[in-house]
Amino acid sequence: MSKRPFIALIALLVILGLVIWAANRKSKNPAQEAATPLLSVYAYNQTKSLPANRTAASPNDVIVYTLSAENQTDQVVSGYIIEANVAQVTDKSTLIDATGAGYNSATNSLVWTPLDIPANGVIQKQFSVRVNSIPSGGSDTVMRIKFNNEMVVSIQSVSTGQRVAGANTSNSPYKAPVTGPAEDLGLWLAGIATVSFFGIKKYRTNKV
């Protein structure tokens, strides 16, 4: 029996094995596996000049969100689209600047035009909102956005930390202010002047 068919079969199996090995090695290339950028979001309270996650936002405060996409490889990431769901931000605020982003109503997202991310580089996009008033006792008083990490910004309700001018802040009933020493002194001087006037007048009448 000829050994040629057997040798040919072995050779075919070897070639097939090499092809599979090369394909697997290519798919496990670290540069290709890390081609997805590292995403992050940061929020800054422009009105209070503080990181937005470290202080409660008041109504009308302006919050600036920064979305970052970092390329951690030495290969350019071409045509990357930054897109962020802002549904849990804009339901408690008013969008005032999206730096040219479009709005996708189907996903409640801001979408920017594709950009290349340089090797080991970062691209960023920003949007700004003005915080709306939250009624006292409202159950949902935070703005949330996820962009890999989650950024949570708490909102101060209208009545929290605020007092109406002239309102009584003590536990006792409101009392009128007590007359001050200066006013008492004025009354005493007026009384003395009146008594002196009538005394002098009476003295002059008796003398005549």
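Modeller: Start with the surface. The protein chain exposes about 14700 Å². Carbon and sulfur atoms supply 58% of that area. Keep in mind that this is a predicted model.

Colleague: How many of the residues count as buried, as a percentage?

Modeller: Of the 208 residues in the protein chain, 24% count as buried.

Colleague: What is the average pLDDT of the chain?

Modeller: pLDDT is the predictor's confidence in each residue, from 0 to 100. The protein chain averages 78. A score of at least 70 is reached by 66% of the residues. Look also at residues 160-183. There pLDDT stays under 50. For that stretch the model has four contacts beyond four places in sequence.

Colleague: Now the secondary structure. How many helices and strands are there?

Modeller: The protein chain has four helices and 12 strands.

Colleague: In what order do the strands of the open sheet stand?

Modeller: Five strands form this open sheet, in the order E2-E1-E3-E10-E6. The pairing is antiparallel.

Colleague: Which strands stand at the edges?

Modeller: Strand E2 (50-51) and strand E6 (93-97) do. Each has a single partner strand, so one side of each is left without a neighbour in the sheet.

Colleague: How many bridges join E1 to E3?

Modeller: Eight bridges join them, and the two strands run antiparallel. One example is Val41, whose bridge partner in E3 is Leu67. E3 and E10 also pair in the antiparallel sense, over nine bridges. E1 and E2 pair over two bridges, again antiparallel. There, Tyr44 has Pro51 in E2 as its bridge partner.

Colleague: How many residues lie between the strands in the hairpin of E1 and E2?

Modeller: Four residues lie between them. In this hairpin, Ser49 takes a positive phi near 55 degrees.

Colleague: How should I read the side chains along a strand?

Modeller: In a regular strand the side chains alternate between the two faces of the sheet. Take E1. Leu39, Val41, Ala43 and Asn45 point to one face and are buried.

Colleague: What share of the chain's contacts joins residues at least 24 apart?

Modeller: Take contacts between residues at least 6 apart in sequence. Of these, 67% join residues at least 24 apart.

Colleague: Next, the core. What is the general idea?

Modeller: In soluble globular proteins, nonpolar side chains tend to be buried together. Here, the largest nonpolar core has 31 residues. Those with the most contacts inside it are Ile63, Tyr65, Leu67, Phe127 and Ile145. E1, strand E3 (62-70), strand E4 (77-80), strand E10 (122-131), strand E11 (142-147) and strand E12 (149-154) each supply at least two residues of this core.

Colleague: What does Ile63 touch?

Modeller: Not counting residues up to four places away in sequence, its contacts include Ala43, Ala52, Phe127, Val129 and Met143.

Colleague: And how do I describe two aromatic rings?

Modeller: A pair of aromatic rings is described by the distance of the centres and the angle of the planes. This structure holds one aromatic pair. Tyr65 and Phe127 form it, and the pair is stacked. The rings are 4.9 Å apart, centre to centre, with 10 degrees between the planes. Tyr65 lies in strand E3 and Phe127 in strand E10, so the pair ties together parts that are 62 residues apart in sequence.

Colleague: Are Tyr65 and Phe127 buried or exposed?

Modeller: Both are buried. Tyr65 also stands opposite Phe127 in E10.

Colleague: How many residues lie between E11 and E12 in their hairpin?

Modeller: One residue lies between them. Asn148 in the turn has a positive phi of about 80 degrees. E11 and E12 pair in the antiparallel sense over six bridges. Ile145 stands opposite Met151 in E12.

Definitions and conventions. Residues numbered from 1 in each chain as written. Heavy atoms only, no water. Core = buried A, V, L, I, M, F, W, Y, C linked by side-chain atoms within 4.5 Å. Buried < 20%, exposed > 50% of the residue type's maximum accessible area, 1.4 Å probe, protein only. Contact = heavy atoms within 4.5 Å. Phe/Tyr/Trp six-rings, centres within 6.5 Å; stacked < 30°, edge-to-face > 60°. Pairing = 2+ DSSP bridges. Areas by Shrake-Rupley, 256 points an atom, 1.4 Å probe, with all protein chains shown as cover.
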